[in-house]
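Welcome! Take a moment to look over the sequence and the structure below, and then we will walk through them together.

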Amino acid sequence: MDWGSLQAVLGGVNKHSTSIGKIWLTVLFIFRIMILVVAAERVWGDEQQDFVCNTLQPGCRNVCYDHFFPISHIRLWALQLIFVSTPALLVAMHVAYTRHEKKRRFRNGEKIDIEELKNEKMHIRGPLWWTYTSSIFFRIVFEAVFMYVFYYMYDGYQMPRLVKCSAWPCPNTVDCFVSRPTEKTTFTIFMLAVSGICMMLNLAELCYLVIKICMKESRKTT
Amino acid sequence: MSWGFLRDLLSGVNKYSTGIGRIWVAVVFMFRLLVYIVAAENIWKYEHDEFECNIKQPGCENVCFDHFFPISHIRLWALQLIMVSTPSLLVVFHVAYRENREKHHNQQLYRSPGKIDGGLLCTYLISLILKIAFEIVFLVLFYKLYNGFKVPRLMKCDIRPCPNTVDCFISKPTEKMIFLCFLVVTSCLCIVLNLSELTYLIFKYSIK
């Protein structure tokens, strides 16, 4: 059970997405999940091991590391990706429920082609429109929340080279050096930029859906 | 979920490529992706641990390593592989759009949705230009960041908290240099393949 299972779930939802939704999914897989797995995890792999403090006091390094990195960037990104992908499950559940209802009607005697039902692409209208739009709204909210959490927790998006720590049991204010700060800052900014792009795509999709439904309504009334 | 995803993506693109395009995909798989995964990753695996400076001052090694390697070679290599493979998705999207349109109108609008003509030709040419641009950008980035493609054995560092100019030794410099040369050669080969494909397509369709 790993990122591949997320790919399996979201791949199913892809069929019923708009074009912008499909682009969003591609960006998510290639520029976020893949980068996280093949590059970012390696950069942060030795973060505690290579966190060095200018003291021999046992425990000081551990305590300082824990103070400056309450949750590692990598874990926050993993959580962000999971939360941002989860609203798509609402759509998957809605589609599954609709199919279940159709199958029930088939069993009650109505004529429906079962094979066609399995592969049918559901159009985004009616109750599915509301589910889909809510899922996009939640995605935007989760993206914004995590971007803010990053900013708040790490005082901006830059990884410092040196942090000064005076938590017990450090005997005085000691210099602690973070490993690979420049590389970490680069990847943080990269992931932030891609989050921003994903948010823009979600906003565009939301606007597109709202405009589409408004135009449909105005065509109905004229 | 890792490089297998990229492999599946490129296999999907292969269907809509020209002959030269398929050679490009094969070169990327065998000489770049495979070499990266089975060889290069392991060379750079312990780069930070094995980076040694002639000093006991805590923090000096960290700071010197960060100064000489703002972004590790291996990360740049991975980013290059991902960015260079991505423009092919434009073609996949365009073909999917064509197939969708045909389904929506319930009639055959194109001779074959996957055939490279009309709008799809433009998309294909754009994807080739983007691939070439990304290759060149990354080669220039490598060159500028590391002052050429050499990996020195010894570097001198005097950044705080190092108390004076210290000697720092990089692990496996020769092996790293060999693989970097390999990376440059395969990038150049891919640029040549992309340029020939571009020329071939422009020539073919201007004759038509």
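This is a predicted model: local features need pLDDT of at least 70, side-chain atom pairs count only at pLDDT 80 or more; totals for chains, interfaces and linings use all residues.

## Annotated segments in chain A

Let us start with what the database record says. In an unreviewed UniProt entry, the annotation "transmembrane region" covers residues 23-40, 77-97, 128-154 and 187-211 of chain A. Residues 23-40 of chain A are 100% helix and 0% strand, with the end C-alpha atoms 22 Å apart. Over residues 77-97 of chain A, the figures are 95% helix and 0% strand, and here the end C-alpha atoms lie 31 Å apart.

## Annotated segments in chain B

Residues 118-143 of chain B are 96% helix and 0% strand, and 38 Å separates the end C-alpha atoms. Residues 177-203 of chain B are 100% helix and 0% strand, with 39 Å between the end C-alpha atoms.

## The fold of chain A

Chain A has a radius of gyration of 23 Å, well over the 17 Å that the globule rule gives for 222 residues, so chain A is more spread out than a compact globule. Along the principal axes, the C-alpha atoms of chain A fill a box of roughly 80 × 40 × 25 Å.

## Where the two chains meet

How many residues of chain A are in contact with chain B? There are 36 of them, and they touch 33 residues of chain B. Together the two chains bury about 3000 Å², and 63% of that is on carbon and sulfur atoms.

Charged and polar links are found here too. Four salt bridges cross the interface of chain A and chain B. B:Arg75 forms a salt bridge with A:Glu183, where the closest N and O atoms are 2.8 Å apart. Between chain A and chain B, 10 residue pairs are in polar contact, both residues having pLDDT 80 or more. On the side of chain A that touches chain B, at least two residues each come from α1 (3-14), α2 (19-43), β1 (52-53), β2 (162-165), β3 (174-177) and α8 (181-221) of chain A. The most come from α2(A), which gives 13 residues. By type, the residues on this side of chain A divide into 19 nonpolar, eight polar and nine charged.

Note on methods. Residues are numbered from 1 along each chain as its sequence is written. Chains are lettered from A and ligands numbered from 1 in the order in which they are written. Side-chain values use heavy atoms; hydrogens and water are left out. Helices (H or I, at least four residues) and strands (E, at least two) are DSSP runs, numbered from the N terminus. UniProt positions are given in the numbering used here, feature names are shortened, and annotations may be inferred rather than shown by experiment. Contact means heavy atoms within 4.5 Å. Buried area is the accessible area (1.4 Å probe) that two parts lose on being put together, summed over both. A salt bridge is a side-chain nitrogen of Lys or Arg within 4 Å of a carboxyl oxygen of Asp or Glu. A polar contact is a pair of N or O atoms within 3.5 Å; within protein, one must be able to donate a hydrogen and the other to accept it, and residues adjacent in sequence count only if both atoms are side-chain atoms. Ala, Val, Leu, Ile, Met, Phe, Trp, Tyr, Cys and Pro count as nonpolar, Asp, Glu, Lys and Arg as charged, and the others, Gly among them, as polar. The radius of gyration is taken over C-alpha atoms; the globule rule is 2.2 Å times the number of residues to the power 0.38.
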